[in-house]
Each structure stands twice: as structure tokens, then as C-alpha cells.
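Colleague: Hi! Could you walk me through this protein, please?
Modeller: Happy to, let's look at it together.

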Amino acid sequence: MLNVEKRNGNIVPFEEEKIVNAIKKAMAETELGVDEGLAKEIANKAFIDFNKLEIVNIEKIQDFVEIELMKSRPDVAKVYIIYREERAKLREQGWTMSDLQRDIYEKKYRFENESFEGFITRVSGGNNAIKKAIKDKKFMPAGRILAGRGLNKFGRKITLSNCYVMPKVEDNIESIFDTAKYLARTYSYGGGVGLAISKLRPKGSRVNNAANTTTGAVSFMDLFSMVTGLIGMRGRRGALMLNMDCNHPDIEDFIDVKNDLSRVNYANISVNIDDEFMNAVKNDEEYNLYFKVEATGEEISKKVNARELFKKLAKNNWNMAEPGILFTNKINSWHLMSEDKDFEFAGVNPCAEETLPAFGSCNLSSINLSEFVKNPFTKYAYFEYEKFGQMVRDGVIYLNEVLDENMDLHPLEAQREMSRELRQIGLGIMGLADMFIKLGIKYGSQESISVIHKIGHTMINEALRQSALMAKEHGTFPKYKKEAVLNSPFLLANATDDVLTLIKEYGLRNSQLLTIPPTGSISTLIGCSNGVEPIFQVSYTRKSESLHNTDTYYKVFTPIVKDYMDRNNISREEDLPDFFITTSNLNYKDRIDVQAAWQQYIDASISSTVNVPNEFTVEEVEELYLYAWERGLKGVTIYRDGCARSGILITDKPKESRLDRIDELKNELNKLAAEQVKENPEICPICGGAMMHSGGCSECQDCGYSPCSF
């Protein structure tokens, strides 16, 4: 039996079909096209020539194919040789990268001096299908996996989950400061956190201590924000989402908190809005704010005009890019666990694409849709649904592998337990806008919506199929309740009959499967559009705070635009066709329609920022939010160009940010922490870990806190 020695040293059986496929792939790039008979003839010659050996190296086989192609099809030989050279360069150096891409790779994800081949081997964890997909830019794990997978053997405490949600903060001082401790511990492992503060009593409520009355729920946002800013995660700060229910008596203070540029600078904020409130807005009715203090029995209630409160929310978002909106009725009703009476979401992660229970977590990866377009930029372009479906199945397998590996890497025991019980994963997409451009389809058009429905239908069914097959082999997630899941409106609306049959027989391995994260860094790394967004601009400037100690500005030309112009010999941006939709010429309702189409098939949520021009009005923001609710979104926020809070993406003229850092507050917190170190020098005042003492100072071995760090 003839065997092949691969480049990594593995020995595998010789397969003629692999040679045939490689030759056909090269033939497809030539004018004469594919000659399957010739491909099979060359593959058979290779087998006959090498069959006298027990083992042949893969390079010798490829050399043989080159020579045979030069004899019969030199045009194919040229394509084949170029492809080999490109793959060799890829193994050694990685993709061709811009300065920004190289910065992201080197400073955020590459471990020490590992080669590119070593990098993708580490993050793929030995999964060859995923390793090839990463090489081909078809698939990319999220940042925590890229930065941390495989490093626990070096003693690094890094979680592979991007997203965590803490329990809703209970209305007592112990829960408030326990939560601060949980945040610090989670940030120190690299996870971002979502936190709901709606259970905290309103300001002015009675308390049974020396203060007589409380400063209110909003006052504790500064504590959680400071902890987030204090604990770093390899070149970036912690990430926090704070949210509050719209019927909380402190909701107006919550909405206004970001107007003070010295407050809550290390957290995003969102308002949980229910259908009752939105109907009151539509009908211009009053809405009741209510809170009952369980400890004292005190009841706080007041009526507000719903439309006025809605206008305040819209105005603040218009001016400060926050708060965002979360539509709780849709969130709670549209997922696999919606009919399980024992299940409850506690909040959302910092970018709002992950709805999670208390101590819930999720590891993420995304599929690059643009790489599944065959014959791009031509009238013969089409989407490869079969290959995409296989990628979805491979992605589900991979994320389950990461979930198992990460089981003991969560910062808190409660997080480990919840991960074991629910097995939540988050497979998403990116490159949507690039895919439309390759297909010649206008983003937001009816044709684009139809394509989304076809892809989304494929994605959820293949994800469910693979999860059911894994349940057959390994068992369901422990908290699986058959009748509850099978009665989920989300499942019944999306699953095909054959997939439903599989689930009825075997159950599901995962309680949550699909999400759409923002994919900011990873989409930039591989050069595709992010999430479900249109391309930002034909060219733009990107500001990065996380890669250097000071702000760095990069001039970035959108890769898909350059690719199209090069292939079509276009030299002027003005000559681009009208399907090049950017955030500056997009109808915002089209943007909402795109997200609504995807939301039908996504059981978690979708990170969503609708970019609008500076002249966008407060009234248009209100209209956008109302339309988003009517179209069934789970959440949305806007970013108005030139608003008071600068974003990461800016136009060609960089504006000086008005966002004042809270260094003074951090220093005060540091002084307090340092005093606690003096009182008990062995215990970290931030996370409770053990302090290591060296060189006249000390440092926490878990979260990295040091009284000498500022």
C-alpha cells in the first residue's frame, strides 16, 4: 500500500482523487477549462510511478504533476506552480498583510515567535478542516481563541470565551462588591462581561444603614466602570455592557449618565425595552416606572410620557452614540430555550450579540461568506451553498472542541458549571458586504434579502444537524428538555423535517448555536467586511487605541474595492458601479431589513451599529428605533458621524476625542487598593488572588494588579 508523507510528518494513504481535484482546480482558472480525463490520467501515472515505494513525500508528487502538466497543458502548469509557491509562502510568512493587519497579528494574536504555520496549527487545535479553512480565509476564530488557545500549557490563564454575563446585581452591598470582584477576575482571564443593574433600588430609597437613603442604581455604574478600566487584557482594557430595564425609576438618570464625559467611560450602556413601552410610544401614552424594595417593602412608582422618554433616549444616542436599545420580548421569545420555564437570560455581552444566562459564556468563530463566491465579479458569479453547509458543520464541531478545552479555563467555578450544563457556542458570519459585491448585488436590495434567507436557512439547519449528530455520539447538553426545545417557535419556524427528525431522536449537543459578532479585528486581519455591516467607506482612516500606548492612525483602503478595481481596470472611485453601497450612501431602513432577515435564523443576537451621517436628525433616530422594533430586531444602536463621542472608525479628518479618561479616579482607586495591600500584603485587593513580591513592589499572579503600575 502506497502512503504519503505530508509536510507535518504525518503519514496518510495515497489518494488519486486528491491529485485529480488539485489539477481540476488549476484547470478551472484557465481559458481552456477542465479536462477531467487528463487529470485522472496524470493522477494514475503518479500512482504507477510511485507504487514501488512504501512512502513518497508530498513534494515529490507535486513535482511529478508539474512535469506532466508542462508536457500536456503548460497553461495549467503555470497556475499549478503559482499556487504551490503561494502556499509555500503562506506556510512560512502568512497572508500578505498591510501594516494594520501585521500589527493585529503580531501584537494581539501571535504567541512569541511562532511561525504562521505554528499560529494556525495552535488555534485550529489539530482540526485539519479548520486549519485549511483559516489558511483559505474562509473561517476565523474570535480573538480570545486566537490569543489564548494552547497557551495553558505555558501557565497562561486565558479563557477562550469572548463573552460572559454576570448574575443581575442584587440589591445589597455584598452583591454589588462581589460583582466587582467577579468582573475583575473575568477581565484578568480575557473575557468581556455584560451586567444588568435593574435590581438595584432607585436613588432616594430607604436603606437600613447609616446613610438613610441610597444614591441609586446609577451611582454604582462608576464602580463597575473603574474596575473595567483598571484590569487590562494584553493591550486592551476590559469590556463591559451595563443595562437597565426601561421601567426602572432611575431610567432617565441611566440614559443621561454618558452626557457627563468623566463618567462610565469603560462600559457600553443599553436600555432593555419591552413591547408595552414601545406600544405606549406609538400611542403617545403614559408608561409606569415601578420598583419595590424587597428589603424594606417600600414601593416607588411614577408615570412618565413614553414618547418623551423615548425622545430622550434617541437624543442621547444621536449625541453620544449611547445608549443602545435591547428589545427584550424578542430576545426572550426567539431562541431554542424560550419554552423552558427554568431558563432565563441575565443580560447581554459588551457587543450585544450574545444573550446569556447568569454566569453564561460563549466562544465565538465566524465564517467569511465572501470566500464562498465562485467566479467573483463576473456575470457567472454564484454562492457555493454545499461547501458553505460543510463549513457550518465543521465550525460547530470546532467550537465544541474549543468549548471542551475551555471548560476548566473559565475564571469562576459558576461559569464552568454553566458552560458544562448549557454548552453554548456562537458561530457567526462576516464578509457579507464583500459577498454582495462579488455577486454584483446591491446591499439592502430585495435580491440581497433573498440571498440572506437562503444562506441563513442553510446555516441554521446545518448547525442544528451537526449539533444533533454530536448529541447522538456524546449526549445532549445536560439541561436539555426535549419537549421545551421541540416546542421552541424559533426551531419550528426554521428547521426542515429531516433536521427535526434528528433532533427528536437524538436531541441537541448545544443550547445555543448561532450569533453574529462585530468581528472587527478578525475581519480586518483577513481583509473582509465585518459582521452584517456594509463596507464603511471606499477608503478610511482607522484609529487604534489597543495596539500602542498612544493613538495610531491608519489609512485603509477597503480590500474588496481595490480587488474589484484591479480586476476591472478601473482607476477612479467615481467609476464604481452602484452596488458599491457604503455607510454614507445606505438607506438606513435597508440596513435594518438586512439585520431583520438574518435575525430570523440567529438564535442568539446580532451586534449592530447603524452608521448614519452627521446631518441625521433626532427624529430620524426615533424612526430608526421604531422601525427596528417593528421588523423584529433584538437590539440596535446608531453611530452618527461627528457626534460627541468619537468611535473607532472615523473620517479622513481625525477629530480630537472629547472623551476624558478617568485617570484621576483610577489613581484614587489605586491608592485605596494600595492601602489594602499594606494591611494585607499577601492578598490582591482587586480579585483576591495571591500577591507576588519582587523588586521592591508586588503584583497579583492572577489579574496582574500592582500598586506600582500607575
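Colleague: What should I know about the model and its numbering before we go on?

Modeller: This is a predicted model, where local features need pLDDT of at least 70 and side-chain atom pairs count only at pLDDT 80 or more, while totals for chains, interfaces and linings use all residues. Residues are numbered from 1 along each chain as its sequence is written, and side-chain values use heavy atoms, with hydrogens and water left out.

Colleague: Thanks! How many bridges join E9 to E10?

Modeller: Seven bridges join strand E9 (residues 286-292) to strand E10 (residues 299-305), and the two run antiparallel. Two strands count as paired if DSSP finds at least two bridges between them.

Colleague: And what lies between E9 and E10?

Modeller: Six residues lie between them, and together the strands form a hairpin. In the turn, Gly-297 has a positive phi of about 85°.

Colleague: Changing topic: in which order do the three strands of the open sheet lie?

Modeller: The order is E2-E1-E3, with mixed pairing. Strand E2 (11-13) and strand E3 (55-57) are at the edges with a single partner strand each, so one side of each has no neighbour in the sheet. On average, neighbouring strands of this sheet are turned by 35° against each other, direction ignored. Axes are lines fitted to C-alpha atoms, for helices over the stretch in contact, and angles run from 0 to 180 degrees between N-to-C directions.

Colleague: How does E1 join E2?

Modeller: Three bridges join E1 (residues 3-5) to E2, and these strands run antiparallel. Glu-5 stands opposite Ile-11 in E2.

Colleague: Which strands does helix H3 lie across?

Modeller: Helix H3 (residues 58-72) lies across E1 and E3, running at about 70° to E3.

Colleague: Now salt bridges: how many does the structure hold?

Modeller: It holds 49 salt bridges. A salt bridge is a side-chain nitrogen of Lys or Arg within 4 Å of a carboxyl oxygen of Asp or Glu. Among them, Lys-45 and Glu-41 meet at 3.7 Å, N to O. Both lie in helix H2 (residues 36-50), four residues apart, about one turn of the helix.

Colleague: Is Lys-45 buried or partly exposed?

Modeller: Lys-45 is partly exposed at 36% relative accessibility, and Glu-41 is partly exposed too, at 41%. Buried means under 20% relative accessible area, exposed over 50%, and partly exposed in between (1.4 Å probe, protein chains only).

Colleague: Which helices do Lys-135 and Glu-117 lie in?

Modeller: Their side chains meet in a salt bridge (3.3 Å, N to O). Lys-135 lies in helix H7 (residues 128-135) and Glu-117 in helix H6 (residues 116-124), so the pair ties together parts that are 18 residues apart in sequence. Lys-135 counts as buried, at 14% relative accessibility.

Colleague: What about Glu-619 and Lys-311?

Modeller: They form a salt bridge, with the closest N and O atoms 4.0 Å apart. Glu-619 is in helix H25 (residues 618-630) and Lys-311 in helix H13 (residues 306-320), so this pair ties together parts that are 308 residues apart in sequence.

Colleague: Last one: how much of the protein is buried?

Modeller: Buried residues make up 57% of the 710 residues.

Technical notes. Contact means heavy atoms within 4.5 Å.
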